Amino acid sequence: MRHRPKAENLRDKYPRRVQPPLIGVQQGEPYYESIKTYQDHFMKLLESEEEEDEAILKERLSSWTVTRLREEGYCITDMGAYWLQVNQFGRPVASFNLGPGVTLPEHRFENGSQILLSRFNPLSEKPIQGSVVSSTTSQIRICFQEQFDDLDDGAWRIDLGRPNIIFERMRTAIRNLNHDPQQLEETPVSSDREFILQGTHLRDVLLRTYDPNSTHHEHRMLQDPDDPEYPSYDVLEHANRANGEFGHMGAFKDDMRIQSWAARYSLPKPLMVDGDPVLENMNESQTKAMATMIGQRISLVQGPPGTGKTKTIIETIKLLKLHFQVPHPILVCTYTNAAVDNLAEGFINAGVKPLRIGFAGNVRASLVEHSLDYKLGKHSLQPTLEGIVKDEADLSIKMHDLQRRIVDAEKKGGSKLEQRKQNMKRALITMERQHSVIRRKMYAIKQQMLRDVVEDADVICTTCVTSACVALNVMDFPVVFLDEASMSTEPASLIPIMKGSRHVALIGDHKQLPPVITSPEAQSLGLGISLFERLTEEGVVPSVMLDVQYRMHPEISRFPSSEFYNYTLRDGTIDAQGNIPSRLLPPSSQHLLVDAESGKRPSVIFLDHTGSESNKDRSKININEAYIVASVVEDLLLHNPHLRGEDIGIIAPYVAQISLLTRLFNTDAKHRVRTREVLGDLRAMQLANIEIKTVDGFEGREKEVIIFSTVRNNDGGYIGFLADRRRLNVGLTRAKRGLFVVGNIGTLKAGKMGRGKGENAVVRVGKGAESWRRYAKFLAEQGLVVSLNGPALDRALYANLNAVRALPAGSRMKG
């Protein structure tokens, strides 16, 4: 591995890092057949997935009216724009708005979304592509590859595009399997240049089952998503089974201190010696996972909900950086920005210095000072860079003006202007030379700033896709941790791994959400199988299972533990005497009544109602249920003074229900008036901090209280894709103290799934639907179903409002 002392000034220059030429592995060379088989397989799947994405986009743009596109949040028209002084990793950023202070309509332009910019129609024009950097209620900031003219002239239309940059980066990652980083490291380029390391030292592991000359291994899911069984212990917990084939050749193989610690702490009873750091509040399985991730060059950690996956990663990297003081830069990637932020905050609390890489709007406000943009802005060379940038901009204006004058002179012609023309051309050549010098100096300063900031960090935190950003080309990453690894497609997981890795740990849970695939063909051929799941199924890479959950009240975890994990998931939230920490006691609520015998409140309740579902485009909504959800939130905020809006999460399986709830909480004037009347102005402000997302949006997240709006209520008992077992698992395991499930118990008990229409309709009850049936039965047996009909529904919706109105005017809440 490369080791280089830090440059102290610009004279002590870093080598210029350049992309290595991509020369495919030749026939007869190691891995030729494996790489060819692998590339042929995944390139075809990515092509199918991208074609499906493109077809969906074109169908939407060609068949939907502009009015519908606007109403559904896919399009905003009549926007003004101007260039900002800031940039995003060197790319220009523009701000789009409907006018000063004008609130934008509800839309789907999230941070990182790819957009199509046009004047009137992206299908009839050649649209400009960009990426959303951040947004507020009145503006959207978008970065582009380069600046273009006339941005501030006239109106623009923004359409939600497709994630083409993601496909480009996945394809590049697959092609980089041709690179041997060891060879690149040893290949001299020049005295002032070096290759950016690409590829991985782990090709023997990743490509083992793609070698057509070895024993055939069918690549399949570890188990069917609807399979109610849980894999046996020896599938998820085992040592390296490669018979020494892989060896202990990771990034720490030559550090005997690390190797000794890993060997001793891998034992059933860790052997501690003087000088070992104290591992605070780490259980046996977490400690073993740490030892495996450090001691093995590639490893898997199976982490069911609440088992401390994030804490285990943090403690592992803390051990490496603070105790063993390893010099290697460590890259930690996840599938979602929320998970990246959770890790970064955990590192800060543990005394580890993180560097958060990502679009500005994707970074949590509390982490801004740990972001790359912030660090660069505070760098000692920033004033120098700003001066050079200004010089470059001024010189560019002068060059542009001189070029225009030369063109004008050539149009006029005549011998009198010839000498003047030649003088202007000589001046332009001089300016171009000056411009080139300034650009080189600008590049050198930017590279030093980037290297200084990256090298100063203990750990780099970003998403898998963003790990391919140009800013991280200043360094190679031999050590990579992938959290949420079961949510990423295999090509997406390769993106950070192909940055010269020689030591990789993957952490995930195949029982939670898989990669999202839109193409039926790509899904059927295996794109929905993550690298994490493939390696787990192959059963060779060493694997450890975390088996104690610390998130949920035992009443909340009881059903998921039995249904999804066959009771292998134990509770760390209750002691031997049956005591539960006060932090997990259920909140006060009119729906969580104290049991007369035990004197305790339940943590789980099902609110059963008869409000019917409705169709909304291709989605589903349930208006009555939305108002019940709103009343539960109101009740919680009223009776729990220390409960904040950010402590509450609302989950719904359908996008249309999410939109309905979002409007109800954020823009419905009538509901806002009512909430202020019941809670007071100050307390009502908490509503803005409540997260309302689909199940997928809450993967890897947790809240004090979760309200799960199931939406479905119909005479036929159809529950659609609500029957997905993995989404049910995620939905039921996000809450710490209180879980409110709202829906129609009869529909969920029926649990039917339909396909086709009329006489060709096929009705079946899948295993996912059977999980809902068992959950409904569990709730009923535990007395956790409350029927909201007639007077009970009136009390739920209006009791708090009526109580406030019954008070004398002077005693009502004011704030």
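This is a predicted model: local features need pLDDT of at least 70, side-chain atom pairs count only at pLDDT 80 or more; totals for chains, interfaces and linings use all residues.
Residues are numbered from 1 along each chain as its sequence is written, and side-chain values use heavy atoms, with hydrogens and water left out.

Side chains of opposite charge can pair when their charged atoms come close. The structure holds 50 salt bridges, a salt bridge being a side-chain nitrogen of Lys or Arg within 4 Å of a carboxyl oxygen of Asp or Glu. One of these joins Arg737 to Glu704, with the closest N and O atoms 3.9 Å apart. Arg737 belongs to strand β26 (residues 735-743) and Glu704 to strand β25 (residues 703-709), so this pair ties together parts that are 33 residues apart in sequence; helices (H or I, at least four residues) and strands (E, at least two) are DSSP runs, numbered from the N terminus. Both Arg737 and Glu704 are buried, where buried means under 20% relative accessible area, exposed over 50%, and partly exposed in between (1.4 Å probe, protein chains only). Salt bridges that share partners also join Glu50, Glu54, Lys58, Arg162 and Arg171 into one network.

Two further pairs lie within helices. In helix α16 (residues 531-538), Arg534 and Glu538 are four residues apart, about one turn of the helix, and their closest N and O atoms are 2.7 Å apart in a salt bridge; both residues are buried. In helix α12 (residues 382-412), Arg405 and Asp401 are likewise four residues apart, and the salt bridge between them has its closest N and O atoms 3.6 Å apart. Arg405 is partly exposed at 34% relative accessibility, and Asp401 is partly exposed at 29%.

Asn178 is found in the loop between α3 (164-175) and α4 (181-186) and is buried, with a relative accessible area of 13%. A polar atom of the Asn178 side chain lies 2.9 Å from the backbone nitrogen of Val25, and a polar atom of that side chain lies 2.9 Å from the backbone oxygen of Arg175.

Definitions and conventions: A polar contact is a pair of N or O atoms within 3.5 Å; within protein, one must be able to donate a hydrogen and the other to accept it, and residues adjacent in sequence count only if both atoms are side-chain atoms.
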